[in-house]
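Please report on the helices, the aromatic pairs and the selected contacts of this model. Keep it brief.

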Amino acid sequence: DLAPAYALSARVQRGLGNLTAARELSERHLEVLQRGGAADTLVALGSYGLGKICAEQHDYIAAEAAYRRALALYRSTVPRDYQMTVWCLNDLADTRRIAGDYAASESLLVRALAISEAHLLRDSAHARLLNNLGALYWDLDRLDEAERLYRQALEISAAVPDVKPRRLATAHLNLGVLTPHQGKLEEAQPLL
């Protein structure tokens with residue numbers, strides 16, 4: 001009974017912006033799950049949630065450790081939770097990018113995209129992965145690759161019937177801001 005109470009309290013504190021309390025409660029939630037022999041999927045979700053809080057606190061080392069624990073558990077569960085595996089890889093890629101390890105970040109994002117393409121829908125979540133890899137390529141001055149991924153993200157986002165306007169706007173914005181850097185000024189204005 002304690003685990004759900006800690007989880008709910010952590011969500012409330014996170015929503016209130018009290019990340020220190022949210023982290024402490026999330027850590028307690030995870031301890032209770034592990035001591036109680038909870039299913040790996042519950043422990044993985046708890047670890048992933050802790051990673052998100054740590055990342056919001058800019059404690060990327062702790063966030064990465066939590067994401068790696070979650071990823072290991074998601075990889076061993078039956079049936080596989082491909083969606084959460086993809087998001088663990090995506091968030092790990094972000095921690096590696098922040099640490100300046102662009103090669104690892106790229107590798108993690110490429111793996112996330114491959115899993116998404118093989119097992120998940122081509123939806124807004126998939127478009128976000130394309131966008132994230134495109135942003136990394138832009139950081140690495142690989143503009144043509146970034147453009148290709150941004151165009152794919154825009155195409156997918158535009159085809160999703162219930163796409164959130166923010167997702168679609170982000171897809172247009174990213175491509176609209178990138179194209180002038182490639183000397184394609186005439187393409188930028190309609191996108192923006």
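In which helix is A70 found? A70 is found in helix α4, residues 60-76. Helices here are DSSP runs of H or I with at least four residues, numbered from the N terminus.

This is a predicted model, in which local features need pLDDT of at least 70, side-chain atom pairs count only at pLDDT 80 or more, and totals for chains, interfaces and linings use all residues. Residues are numbered from 1 along each chain as its sequence is written, and side-chain values use heavy atoms, with hydrogens and water left out.

**Confidence**

pLDDT is the predictor's confidence in each residue, from 0 to 100. The chain has a mean pLDDT of 96. In it, 100% of residues reach 70 or more. Confidence is lowest in helix α10 (residues 185-191), with a mean of 92. It is highest in α6, at 98.

A70 has a relative accessible area of 0% and is buried. Buried means under 20% relative accessible area, exposed means over 50%, and partly exposed lies in between (1.4 Å probe, protein chains only). Leaving aside neighbours within four places in sequence, A70 is in contact with A44, S47, Y48 and C88. Contact means heavy atoms within 4.5 Å. The C-alpha atoms of A70 and E186 are separated by 45 Å, and the two residues are 116 apart along the chain.

R96 is placed in helix α5. It is buried, at 19% relative accessible area. Not counting residues up to four places away in sequence, R96 touches E64, R68, D101, A104, S105 and L108.

**Aromatic pairs**

Rings of Phe, Tyr and Trp (its six-membered ring) pair if their centres lie within 6.5 Å; planes under 30 degrees apart count as stacked, over 60 as edge-to-face and the rest as tilted. By this rule there are two aromatic pairs.

| Pair | Centre to centre | Angle between planes | Class |
|---|---|---|---|
| Y48 and Y67 | 5.6 Å | 45° | tilted |
| W138 and Y150 | 6.2 Å | 75° | edge-to-face |

Y48 lies in helix α3 (residues 40-56) and Y67 in helix α4, so their pair ties together parts 19 residues apart in sequence. Y48 is buried at 11% relative accessible area. Y67 is buried at 2%. The other pair links W138 in helix α7 with Y150 in helix α8, twelve residues apart. W138 is partly exposed, at 23% relative accessibility, whereas Y150 is buried at 3%.

**Helix α7**

How far apart are the end C-alpha atoms of helix α7? They are 22 Å apart.

Buried residues of α7 include S124, A125, L129, L133 and Y137. The buried residues of α7 pack against α5 (82-98), α6 (102-119), α8 (143-159) and α9 (165-178). D123 caps the N-terminal end of α7, with a side-chain oxygen 3.1 Å from the backbone nitrogen of A125. D141 follows α7 and has a positive phi, near 65°.

**E147**

E147 is found in helix α8. It is buried, at 8% relative accessible area. Leaving aside neighbours within four places in sequence, E147 is in contact with L175, L178, Q182, K184 and E187. The side chains of E147 and K184 make a polar contact at 2.7 Å. A polar contact is a pair of N or O atoms within 3.5 Å; within protein, one must be able to donate a hydrogen and the other to accept it, and residues adjacent in sequence count only if both atoms are side-chain atoms.

Technical notes: Helix = DSSP H or I, 4+ residues; strand = E, 2+ residues; numbered from the N terminus. Expected span 1.5 Å × (residues − 1).
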